[in-house]
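This report covers the pairing of strands and the packing around them. The structure comes next, followed by the account.

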Amino acid sequence: MILTITKYGQAVLRQKSQPVTEVTDEIRTLVSNMLETMYAAKGVGLAAEQVGRTERICVIDIPKDAEKAPYRETNAGVKMPMVLINPEIIAKEGRQRNEEGCLSFPDIGVPITRANQVTVRYQDLDGNERTDTVYGLLARAVQHETDHLDGVLLVDRMSSLQKMSIAGQLRRLQQAFGA
Ligand SMILES: [Zn+2]
């Protein structure tokens with residue numbers, strides 16, 4: 001089932017997620033709906049808050065050809081789609097600066113500096129504990145989605161100048177979706 005994606009201005013996007021204690025059928029249904037919603041919106045990542053929920057869950061699927069050449073190989077051991085339950089970033093290294101967008105900020109894309117490599121600890125849908133080190137665009141997606149789960153948004157990662165340059169778009173979103 002395709003769910004409605006929450007937009008900047010909606011309060012749930014500022015909520016901190018709650019750890020998932022057990023992977024129930026309800027959680028499996030939520031994950032399946034999140035994946036369907038992400039694919040329908042042509043996104044590469046989606047966090048629970050973006051479908052109005054607060055479970056600590058995000059999904060990511062980076063198409064192989066979207067990843068830059070060296071990282072296609074280094075990320076090859078990670079199967080897509082990635083379902084991250086209770087993810088925590090435990091190490092970051094290096095820097096990358098690339099254009100970043102968000103399904104909750106339609107039509108907005110700005111260059112954002114992120115770590116180039118992150119190690120993330122999480123549980124998969126079968127409840128297995130996993131630790132993966134990922135690079136490039138996938139590392140960016142993991143940072144973006146775990147930010148969501150902490151109530152941190154793309155706008156918080158922008159410089160004052162970047163925020164000023166899209167102030168009109170941000171205001172329109174807040175007027176349309178804010179309480
Ligand atoms: Zn986002």
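**Strand 6 and its partners**

Lys92 has Val118 of strand 6 as its bridge partner. Helices (H or I, at least four residues) and strands (E, at least two) are DSSP runs numbered from the N terminus. The model is predicted, with local features needing pLDDT of at least 70 and side-chain atom pairs counting only at pLDDT 80 or more, while totals for chains, interfaces and linings use all residues. Residue numbers start from 1 along each chain as its sequence is written.

Strand 3 (residues 82-93) and strand 6 run antiparallel and are joined by six bridges; two strands count as paired if DSSP finds at least two bridges between them. Seven bridges join strand 6 to strand 7 (residues 129-135), also antiparallel, and here Val120 stands opposite Asp132. Strands 6 and 7 form a hairpin with five residues between them, and in its turn Gly127 has a positive phi of about 85 degrees.

In a regular strand, side chains alternate between the two faces of the sheet. In strand 6 (residues 117-123), Val118, Val120 and Tyr122 make up the covered face, whereas Gln117, Thr119, Arg121 and Gln123 lie on the uncovered one.

Five strands form an open sheet with antiparallel pairing, in the order 1-2-3-6-7. Strand 1 and strand 7 are its edges, each pairing on one side only. Neighbouring strands are turned by 35 degrees against each other on average, direction ignored; axes are lines fitted to C-alpha atoms, for helices over the stretch in contact, and angles run from 0 to 180 degrees between N-to-C directions.

Strand 1 pairs with strand 2 over three antiparallel bridges, with Leu46 opposite Val59. Helix 1 packs on the sheet and touches strands 1, 2 and 3, its direction making about 40 degrees with that of strand 2. Contact means C-beta atoms, placed from the backbone, within 7 Å.

**The nonpolar cores**

A nonpolar core is a set of buried Ala, Val, Leu, Ile, Met, Phe, Trp, Tyr and Cys residues joined through C-beta atoms within 7 Å. Buried means 20 or more other C-beta atoms within 10 Å of the residue's own, exposed means 12 or fewer, and partly exposed lies in between, with C-beta atoms placed from the backbone.

The largest core has 28 residues, and Cys58, Val59, Ile60, Leu84, Leu138 and Val142 have the most contacts inside it. Helix 3 (136-149) is among the elements that each supply at least two residues, and helix 3 gives the most, six. Apart from this core lies another of six residues, including Leu13, Cys102, Phe105 and Leu154.

Note on methods. Two residues are in contact if their C-beta atoms, placed from the backbone, lie within 7 Å.
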